[in-house]
Amino acid sequence: MRNIFNPLCWQAFLLRRLIREWQGSIFIHACDFDILLPCFLVKAFGGKPIKRIIYDIFDLYADSRRNIPSVIRKLLRRLELKALKTVDAVILADENRREIAGARPRRLITIYNSPPDLLDTLSRNGPPPRQAEFHLVYVGLLQVERGLLEIIEILNRHPEWHLDLAGFGGGDEERILGLARLTPNVTWHGLVSYRQALELSYTADVLFATYDPAVPNHRYSSPNKVFEAMMLAKPVVVARGTGIDRLVEEVNCGLVVPYGDVAALEAALARLAQDPALRQQLGGNGRRAYEEKYSWDLMRKRLLALYGELST
């Protein structure tokens, strides 16, 4: 709540920008709830020719914000569910999120958090050099609910393993980086571009996305890290009960562990560290699934088809 001024400034900025620069477009594609509100205002009162609003939900807004009063959380949830009925189409990031769209939107499609296919480009210089016996990479928000404290604890017991860590924000930077700096086999890269994130991930033996299922939003998680792992043909470790665990087991592209169970996570990582053939098999399964069902090329065609439907 101490940050409330910044979101309000963002709303005002978007509203001014939409009013000033709208030039006859008929679509607006709003990503997440904090972008949707100014769009409704412009369509309702701005006299602008907005005919279609597409609502792209990355995360349920109320569940993705930490430490907000329950009254405000309930209000945000109610407004967002009402918006689902009002917009012309809703895009979800994963099939398991369909139950959150119980408001019965007019059109509903799934577009996965898939990256562009850069595997050939990244592999032109041959396999990445091995920096350690077993190499992990994490790029993303620095939050304790993402299993980072557990990973660092395990790294302290395995000096032959290495973790490349990069990211931003999240609210727990000081705590996580304080422990990381005390761990010799963790390298902190700071904020990196998305291309650099993929290049870093390509060097890994294993990626991980171990989110806490006690966080409501995590129970419907669709981390782009999982789809990046699939594109890069890397195995991935995820937490049980986070939604994405079902996809990982269905595709057989990684291992699933109970969140917070350090012994189980350590055992899963040790299994992958000791079995390169298993890593190759799981990574290959993920790559095939990416090519056949989850690639960005397929998602792009699905999105363009939606635009085509709404144009008629």
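Predicted model: local features only at pLDDT ≥ 70, side-chain atom pairs only at ≥ 80, totals over all residues.

Colleague: OK, so is Ser 114 buried or exposed?

Modeller: Ser 114 is buried: its relative accessible area is 10%, and the cut-off for buried is under 20%.

Colleague: Which residues is Ser 114 in contact with, leaving aside its neighbours within four places in sequence?

Modeller: Phe 227, Tyr 290, Tyr 294, Ser 295, Trp 296 and Met 299. With Tyr 294 there's also a polar pair to look at: a polar atom of the Ser 114 side chain lies 2.3 Å from the backbone oxygen of Tyr 294.

Colleague: Where does Phe 227 sit?

Modeller: Phe 227 is one of the buried residues of α8. That helix is mostly covered, with 8 of its 9 residues buried.

Colleague: Which ones are they?

Modeller: Besides Phe 227, the buried residues of α8 are Lys 225, Val 226, Glu 228, Ala 229, Met 230, Met 231 and Leu 232.

Colleague: And how does α8 pack with α7?

Modeller: Helix α7 (residues 194–202) and helix α8 (residues 224–232) pack at an angle of about 60°, and their axes are 10 Å apart. That angle makes α7 oblique to α8. The crossing of the two helices, α7 and α8, is right-handed.

Colleague: Which residues make that contact?

Modeller: From α7, Tyr 194, Leu 198, Ser 201 and Tyr 202; from α8, Asn 224, Glu 228, Met 231 and Leu 232.

Colleague: What follows α8?

Modeller: Ala 233. Its place is in the loop between α8 and β9 (236–239). Phi of Ala 233 is near 60°, which is a positive value in a residue other than glycine.

Colleague: Where's Asn 252, then?

Modeller: Asn 252 lies in the loop between α9 (244–251) and β10 (254–257). Asn 252 is partly exposed, and its relative accessible area is 33%.

Colleague: Switching topic: which residues of α6 are buried?

Modeller: In α6 (residues 173–181), the buried ones are Ile 176, Leu 177 and Ala 180. They sit on the same side of α6 because they cover an arc of only 90° around the axis.

Colleague: What does the face of α6 turned away from that buried side carry?

Modeller: That face carries Glu 174 and Arg 175, which are exposed.

Colleague: And what do the buried residues of α6 pack against?

Modeller: They pack against three elements: α5 (148–157), β6 (161–168) and β7 (186–188).

Colleague: Last bit, the whole protein. How many helices and strands does it have?

Modeller: There are 12 helices and 10 strands. The protein has 312 residues, and buried residues make up 51% of them.

Methods. Residues numbered from 1 in each chain as written. Heavy atoms only, no water. Buried < 20%, exposed > 50% of the residue type's maximum accessible area, 1.4 Å probe, protein only. Helix = DSSP H or I, 4+ residues; strand = E, 2+ residues; numbered from the N terminus. Arc of directions from axis to C-beta. Contact = heavy atoms within 4.5 Å. Polar contact = N/O pair within 3.5 Å; in protein donor to acceptor, adjacent residues only side chain to side chain. Axes fitted to C-alpha atoms, helices over the stretch in contact; angles between N-to-C directions. Parallel < 35°, antiparallel > 145°, perpendicular 65-115°, else oblique. Left-handed = near helix turned anticlockwise from the far one by under 90°.
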